[in-house]
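Hi,

Here is the structure I promised to pass on. Have a look at it first, and then read my notes below.

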Amino acid sequence: ADALGVSRATVSNYAADLERAGLMSREDGYAVARPEVIITLLLRYADSFGADAATFAAEADRYIRFDP
């Protein structure tokens, strides 16, 4: 919340939305349940999220690993 400049309640509300969508687990802290979907969405909509998301999108290949 501090890093994003929002309240803890805001983070909790959005985390609950992501959990309902099956994209996040809050069983043991916060964990991304489907990272491939999150990265795909960030890549697709990076320009609407701002400069940090655009930078992440440009470097996304560093965060992707294929492990069958």
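Asp17 forms a salt bridge with Arg20, and their closest N and O atoms are 2.3 Å apart. By salt bridge I mean a side-chain nitrogen of Lys or Arg within 4 Å of a carboxyl oxygen of Asp or Glu. Both Asp17 and Arg20 lie in helix H1 (residues 8–20), three residues apart, about one turn of the helix. Arg20 counts as exposed, at 64% relative accessibility.

Before I go on, a word on what you are looking at. This is a predicted model, in which local features need pLDDT of at least 70 and side-chain atom pairs count only at pLDDT 80 or more, while totals for chains, interfaces and linings use all residues. Residues are numbered from 1 along each chain as its sequence is written, and side-chain values use heavy atoms, with hydrogens and water left out.

The overall picture

The chain has three helices and two strands, and in sequence order the pattern is α-β-β-α-α. Helices (H or I, at least four residues) and strands (E, at least two) are DSSP runs, numbered from the N terminus. The C-alpha trace spans about 30 × 30 × 15 Å along its principal axes. How much of the chain is buried? Of its 68 residues, 13% count as buried. Taking the contacts between residues at least 6 apart in sequence, 5% join residues at least 24 apart; contact here means heavy atoms within 4.5 Å.

As for the surface, the chain exposes about 5600 Å², and carbon and sulfur atoms supply 53% of that area. Accessible areas come from the Shrake-Rupley method with a 1.4 Å probe, and for residues only the protein chains shown count as cover. There are 7 positive and 11 negative charges, and their mean positions are 3 Å apart. Lys and Arg count as positive and Asp and Glu as negative, while His and the chain ends are not counted. Each charge is placed at NZ of Lys, CZ of Arg, CG of Asp or CD of Glu.

The other salt bridges

Side chains of opposite charge can pair when their charged atoms come close. Searching the whole structure gives four salt bridges, and besides the Asp17 and Arg20 pair I can tell you about these:

- Arg34 and Glu36 meet through their side chains at 3.7 Å, N to O. Arg34 is partly exposed, with a relative accessible area of 39%, and Glu36 is partly exposed too, at 45%.
- Arg62 pairs with Glu59, with 3.2 Å between the closest N and O atoms. Arg62 counts as exposed at 60% relative accessibility, whereas Glu59 is partly exposed at 31%.

A nonpolar patch

Which residues make the nonpolar surface patch of about 310 Å²? They are Leu41, Tyr45 and Phe49. Patches are made of residues with over 30% relative accessible area and no salt bridge, where like charges are joined within 9 Å and nonpolar side chains (Val, Leu, Ile, Met, Phe, Trp, Tyr) within 5 Å. Phe49 sits in helix H2 (residues 35–49) and counts as exposed, because its relative accessibility is 53%.

A few single residues

Val11 is in helix H1 and is partly exposed, with a relative accessible area of 24%. Setting aside neighbours within four places in sequence, Val11 is in contact with Ala1, Leu4, Val6 and Tyr30.

Val32 belongs to strand E2 (residues 31–32) and is partly exposed at 48%. Not counting residues up to four places away in sequence, Val32 touches Leu23, Met24 and Ile38. Val32 and Ala9 are 23 residues apart along the chain, and their C-alpha atoms are separated by 19 Å.

Finally, Ile64 lies in the segment after helix H3 (51–58) and counts as exposed at 52% relative accessibility. Ile64 and Ile39 are 25 residues apart along the chain, and 8.6 Å separates their C-alpha atoms.

Cheers

How values were computed
Buried means under 20% relative accessible area, exposed over 50%, partly exposed in between (1.4 Å probe, protein chains only).
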